[in-house]
Amino acid sequence: MADVAMPRLSDSMEEGTILKWLKSDGDEVKRGEELVEIETDKANMTYEADSDGVLSIVAKEGDTLPVGETIARLGDGSESDADGGGEDEEPAAEEEPDAAEESGDEEQADEQPAAEEDEDSSGNGKPSETPEPAPAEAQSSSGNGDGDGDGRVKASPVAKRMAREMGVELAQIEGSGPGGRIVKADVEAAAKGGTATAEAEAPAQEEQAPAAEEKPEEKEKDVPPPVAAPEKDGQSGRGDVTHQDLTRLQQTVARRMAESKATAPDFVLNVEVDMEEAVEFRKQLKAAAGDQPAPSFNDFVIKASALALRDFPRANGAYRDGKFELYSRVNVGVAVAGQDALVVPTVFDADSKSLGQIARESRTVAERVRAGAITPPELSSGTFTVSNLGMFGIKRFVAVINPPQAAILAVGALEPRPAVRDGEVTVRSIMELTLACDHRILYGADAAEFLARIREYLEQPLRLAL
């Protein structure tokens, strides 16, 4: 019986999730038939059987397994009973560790209250090495039956200090804290209610009582009571809370973006691009295209970036394991929002393709992303990324580098702005570009020249058509 392992369906795939078995357990399967649908870090893919046989399913729908782990077996059907028996015996062997863990947990739970009582009695989690101070606590040690195991009243350190200062007997206070523990609010309430020591009843202190009672009233006038968020039907102040599991793609995006910010020492450069000639050039392309869609300004940026990457090879590389990794192909990734996650399909060899080819390919892959039909090969091998939020009216933003690439270009909105040309103020079509760079491979001067070269290509758009 041959094992069917979790396949590696993309260059960055480390594990996959079984979404749906397209064949049932015990079905006869032919080589090349669709076997299972798998969710990878980039897309959902259908995996085909690589041999004939009778299917014995090992991994259930919803299971997540690392690449290379067995998900099924293909055999002639005679071995399935033997295999099934072996699998049924495994859970029984695993019961002992669970029982041991449960026993350990119970022992820890039994020991916990005693540890908490020791902590409560001293306030710092350590046994008290000094005798209980002055009269309030000395009297409270006789207690009222609500104290610790050694007869002491349970009270927080702050409550004990306030009781000494206010002359309040802790033994006469009923605690409102966990396990009947006396807290600060209990002592304050007792002081206002007149529960005090014998010394507090002396005439000298009675004369001072009115003054002591005025202070809380003055505070109540000066400080308004706290306003709490209204609660209804048992809800918290935030209302109903729901939790949503991340898809495999969202998990990968989260992991890679966190990896980028944690490992890449990045810096940012910004430049304004005069797109006036590009606007006129696109009008000519639209007229020449007729019914066909003309290249967008984002296609202009992709082509300009590709040509500049060819001029600056280090920007078309990565820093890996203490070495510069430089690539011979210029493959520009285009960030596309789809399926509640950011997906980056690739325009391969963008430096050698015409604007028309780039426009058609970028449009096609964007549609496939939004339809959920993009495949891992279309998302792989990018050497540089372009992210555009200009269509949302964003003037400028800083994008997160897509590791292990050296840089990412963020494209802002193209809009008319006042500009000085030949000593006069005029209105021009301006677009801002922001380049985020990994300083380990792309240094300040190199990055500045690279960004300036992109601007040159965009401000002289006929060079993009050559």
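**Reading the aromatic pairs**

Tutor: Both Phe281 and Phe300 are buried, where buried means under 20% relative accessible area, exposed over 50% and partly exposed in between, with a 1.4 Å probe and protein chains only. This is a predicted model, in which local features need pLDDT of at least 70 and side-chain atom pairs count only at pLDDT 80 or more, while totals for chains, interfaces and linings use all residues. Residues are numbered from 1 along each chain as its sequence is written, and side-chain values use heavy atoms, with hydrogens and water left out.

Student: How many aromatic pairs does a search of the whole structure find?

Tutor: A pair of aromatic rings is described by the distance of the centres and the angle of the planes. Rings of Phe, Tyr and Trp (its six-membered ring) pair if their centres lie within 6.5 Å, and planes under 30 degrees apart count as stacked, over 60 as edge-to-face and the rest as tilted. Searching the whole structure gives four aromatic pairs. In one of them, the rings of Phe281 and Phe300 have centres 6.0 Å apart and planes at 50°, so the pair is tilted.

Student: Which helices hold Phe281 and Phe300?

Tutor: Phe281 lies in helix 8 (residues 276-289) and Phe300 in helix 9 (residues 297-311), so the pair ties together parts 19 residues apart in sequence; helices (H or I, at least four residues) and strands (E, at least two) are DSSP runs, numbered from the N terminus.

Student: What kind of pair do Phe384 and Phe450 form?

Tutor: Phe384 and Phe450 form an edge-to-face pair, at 5.7 Å centre to centre and with 85° between the planes.
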